[in-house]
Amino acid sequence: MNKEPVDFKSLGFPTKETYEFPNIVNVQVYSGNCPCSCVHCPVGTTEPAKRRERFGDKGMDLELYRKIVEEITQHPHSSLRVHSAGEPLLWADLVRALELTREKSVRSWIFTCAVTNDKSLLEAICDNTNIVEVSVNSTNPEDYSATKGVNAFNLVADNIRYMHDHIKGRGIPTRLIVSRVQSLNRAADEEFVKYWKSTGLVDDVFVRTYHTYNDLLEKLLLGEKTEHEPCLVHWARFNIGVDGYAVVCFNELFKEKLDSSLILGDMNKQTIAEIWHGPKLTALRRAELSSDYSNLPFGEALPCKDCSSCQPLSGNRQTSEYQVRQLRGGEK
């Protein structure tokens, strides 16, 4: 018996394939420390001596990561983004995980500060990842120290050049991009884009929208709209924590304790597709579209209703999907 076709557009999805499976699967491969102390990150604003107590110090089980990769393999439009509450380069299984992702022909992206003296590690992420994003954030050592809390600008700039030369020398289609977090100094934000474009070392440069990590950081008066709009995340992203819990918002993974009501499912027992079409996420999408958040199965902890830092579903920002689209015809 044939099923009735789903009217995916009425549900807020732009295409049938995104209705069936998320565009981007964010995977928290590590939770713990970072060599930086960024002013715009909950890990960075936590004293180094207290990070282990707050965030732990653990990486995702490699077999769980393998399970996630195997499912994404069935959906060629989807990408896996390697993230962490901390620095993913500190995950002991990172290289093997990235090799596995490449072997399975899953498009991948890593977000890193690139503060390392290990050139072989830099080579490994370039060889096995489609997009390498370096959060260099600055154009000079002074601003880097002020915003990232460490004196590592020259090291990171050298590492960007090293990765550029490695990518070009090997002739691999890895996309090397750099980013900055939006600040109160618009001129500095614009100068960041201008400076890094002028170097010829990177494929793209952009400024990420500042957010509070669901009220973990202070709000900045940046002149943006303050009212909430339906968030792109619920229609395009899927967020998995280091223990395998799928959560409403990746920012919740930076909190000292994950509220159980915000867990959408458990990847140790379920699939991405099951959770993607599950009752909790379906109800949340309906609430986002209607602005009616009554009778949701999340309790008072749900951050979505009053969030003004979301990626608007109807917006035209330079989203992560834009970066993935630049790979069309050049995927590894």
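Me: Leaving aside its neighbours within four places in sequence, which residues is N214 in contact with?
Reply: Bear in mind that this is a predicted model. N214 sits in the loop between strand 7 (204–208) and helix 9 (233–236). Once its neighbours within four places in sequence are set aside, the contacts of N214 are C249, N251, E252, K255 and P303.

Me: Is N214 buried or exposed?
Reply: The relative accessible area of N214 is 11%. Buried means under 20%, so N214 counts as buried.

Me: What kind of aromatic pair do Y213 and F254 make?
Reply: Their ring centres are 4.8 Å apart, with the planes at 65 degrees. Planes over 60 degrees apart count as edge-to-face. That makes the pair of Y213 and F254 edge-to-face.

Me: How many residues apart in sequence are the parts that this pair ties together?
Reply: Y213 is in the loop between strand 7 and helix 9, while F254 is in the loop between strand 9 (245–247) and strand 10 (263–266). Y213 is buried at 12% relative accessible area, and F254 is buried too, at 4%. The parts tied together by the pair are apart in sequence by 41 residues.

Me: Which residues do ring pairs link into a cluster with F13?
Reply: The count of aromatic pairs comes to eight. One of them joins F13 and Y19 edge-to-face, 5.5 Å centre to centre and 80 degrees between the planes, and F13 and Y19 are buried. Ring pairs link F13 into a cluster with Y19, F238 and W276.

Me: What lies over the face of W276?
Reply: W276 belongs to that cluster of linked rings. At 4.5 Å from the ring centre of W276, what lies over its face is R285.

Me: Which ring does the charged end of K119 sit over?
Reply: K119 falls in helix 5 (residues 119–128). Its charged end is 5.6 Å from the centre of the ring, and that ring belongs to Y162.

Me: What covers the buried residues of helix 5?
Reply: The buried residues in helix 5 are L121, L122, A124, I125, C126 and N128. What covers them includes helix 4 (94–103), strand 4 (107–112), strand 5 (131–134) and helix 7 (153–170).

Me: How many residues does the largest nonpolar core have?
Reply: Among the residues with the most contacts inside this core are V136, I160 and W196. Neighbours within four places aside, V136 is in contact with residues including F153, I160 and W196. There is also a second, separate core of seven residues, with I24, W109, F206 and V324 among them. The residue count of the largest nonpolar core is 88.

Technical notes: Residues numbered from 1 in each chain as written. Predicted model: local features only at pLDDT ≥ 70, side-chain atom pairs only at ≥ 80, totals over all residues. Heavy atoms only, no water. Helix = DSSP H or I, 4+ residues; strand = E, 2+ residues; numbered from the N terminus. Buried < 20%, exposed > 50% of the residue type's maximum accessible area, 1.4 Å probe, protein only. Contact = heavy atoms within 4.5 Å. Core = buried A, V, L, I, M, F, W, Y, C linked by side-chain atoms within 4.5 Å. Phe/Tyr/Trp six-rings, centres within 6.5 Å; stacked < 30°, edge-to-face > 60°. Lys NZ or Arg CZ within 6 Å of the ring centre and 35° of its normal.
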